[in-house]
Amino acid sequence: MGMGFHVFNRTTGGHFTCHEGQSVLKAMEQRGLKCVPVGCRGGGCGFCKIQVLEGHFECGKMSKRHAPPEAVEKGEVLACRIYPLTDLIIECPPQPAVDFAS
Amino acid sequence: MKKGVIRPGHVQIRVLDMDAAVKHYADLMGLIETDRDDQGRVYLKAWSEVDKFSVVLREADEPGCDFMGFKVLDEEVLVQLEKDLVDYGVEVEQVRAEELKDCGRRVRFTVPSGHAFELYADKLYTGKWGLSSVNPEAWPRGLRGMKAVRFDHCLFYGPELAATYDVFVNVLGFDLVEQVLDPEGTRVAQFLTVSMKEHDVAFIHHEEKGKFHHASFHLETWDDVLRAADLITMTDTSIDIGPTRHGLTHGKTIYFFDPSGNRNEVFCGGDYFYPDHKPVTWKTEELGKAIFYHDRVLNERFMTVLT
Ligand code: FES
Ligand SMILES: [Fe+2]
């Protein structure tokens, strides 16, 4: 109630609070946490993929390419487009190394 | 050598949520909604443009760019360029007049980088928004947000830059204004123009075909870019980077994202081009400075976040 939800990141062992109506990515960013890379913040680029292991959340619109319905079903979602309804336990998959145009 | 392509004419952008997108492009960026069609597409233009629309938004379940269109001088040029494309081995597709409202027939083709482009000769001439063509005032009142002046260019990411260059330069008459070369001398970025602008379209090498990096809109001054940055904060819009300056083109710029994750740019300034100018070269060793002249380091998000 006004205090927000508790998000536990099993990958790092860290945790943070996500306010009601706030996306998980935004809550991470506001605390300077770098659990997942921050991309477009609009559900379009697929950069902020996480796995939700426990808890309920609401989804905003996400690119079907990066978050197909089957994946969303299994909790593979985009952190910038999920809004917790309960406390969450998440995992942040390791990101593939970035290859700059070199 | 000029072959009758005159300028960027439109871009069709896929968005996840139309209402949010219209709010972004109209209220924040200051484009003017000019029409909608029975497919639910929304047509917009920037105030200084003379034709009816330059941005078309289409709701889809994946963001990105459907195509970018260039206007050509007249139907005769369109017929000639269509023939030249076919002779060069490019497959062309006919898009009937009125498929986009108030736009004539379009010739669509996909270049080797995987991006779709169109040529067209006719679109309804509505004149600059809010201004008379006789004794016009300096600018129209009633503009919103960033007051974008015109749709300016797009940057695309994809493979096969050399083959893409051939279509644009050899067939369509674009000029190479700036390039980035890797240590082996391979071109990994190309900025192409049909005008005096330092780019009308640009490509950066990327393994995956057909990716969209940004659509860009022109502003008049650095102060306007700073004001755009203020508006991005006021509206809690997703920012990418800026305000800053590019090494490439030397434009003063800011990048941000629409609500579906498509990147936008508003910018001012930048170099100019005449057909006797030789291409400007940047080396990948200095890519950081080439892209962000002040930071002089690459920003991972800028290089890899695409729709
Ligand atoms: S940051 Fe782009 S999808 Fe979340
Ligand atoms: Fe640009």
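Visitor: Why is B:Asp66 called buried?
Guide: Buried means under 20% relative accessible area, exposed means over 50%, and partly exposed is what lies in between, with a 1.4 Å probe and protein chains only. The relative accessible area of B:Asp66 is 18%, so B:Asp66 counts as buried. This is a predicted model, in which local features need pLDDT of at least 70 and side-chain atom pairs count only at pLDDT 80 or more, while totals for chains, interfaces and linings use all residues. Residues are numbered from 1 along each chain as its sequence is written, chains are lettered from A and ligands numbered from 1 in the order in which they are written, and side-chain values use heavy atoms, with hydrogens and water left out.

Visitor: What makes the pair B:Asp66 and B:Arg58 a salt bridge?
Guide: The term asks for a side-chain nitrogen of Lys or Arg within 4 Å of a carboxyl oxygen of Asp or Glu. The side chains of B:Asp66 and B:Arg58 meet at 2.7 Å, N to O, and the pair therefore qualifies. Elsewhere, salt bridges with shared partners join B:Asp37, B:Arg41, B:Glu99, B:Arg106, B:Arg108 and B:Glu118 into one network.

Visitor: How many salt bridges does a search of the whole structure find?
Guide: Over all chains, the search finds 30 salt bridges. One of them joins B:Arg7 and B:Asp51, whose closest N and O atoms are 3.0 Å apart. This pair links distant parts of the chain, 44 residues apart, with B:Arg7 in strand S1 (residues 5-15) of chain B and B:Asp51 in the loop between strand S3 (42-45) and strand S4 (55-59) of chain B. Strands (E, at least two residues) and helices (H or I, at least four) are DSSP runs, numbered from the N terminus.

Visitor: Is B:Asp51 buried or exposed?
Guide: With a relative accessibility of 3%, B:Asp51 counts as buried, whereas B:Arg7 is partly exposed at 28%. B:Asp51 also forms a salt bridge with B:Lys71 (2.9 Å, N to O). B:Lys71 lies in strand S5 (residues 64-72) of chain B and B:Asp51 in the loop between S3 and S4, so the pair ties together parts that are 20 residues apart in sequence. Both B:Asp51 and B:Lys71 are buried.

Visitor: How do you know that chain B and chain A are in contact?
Guide: Contact means heavy atoms within 4.5 Å, and 26 residues of chain B are in contact with 20 residues of chain A. The two chains bury about 1900 Å² between them, 55% of it on carbon and sulfur atoms, where buried area is the accessible area (1.4 Å probe) that two parts lose on being put together, summed over both. In chain B, B:Leu16, B:Asp61 and B:Glu300 lose the most area to chain A, together 23% of what that side buries.

Visitor: Which residue forms a salt bridge with A:Arg65?
Guide: The partner is B:Glu62, with the closest N and O atoms 3.4 Å apart, and the rule finds four salt bridges across the interface of chain B and chain A.

Visitor: Where is B:Asp175 placed?
Guide: B:Asp175 is in strand S10 (residues 175-181) of chain B. Its relative accessible area is 16%, so B:Asp175 is called buried. Leaving aside residues up to four places away in sequence, B:Asp175 touches B:Met1, B:Lys2, B:Phe191, B:Leu192, B:Thr193 and B:Phe273.
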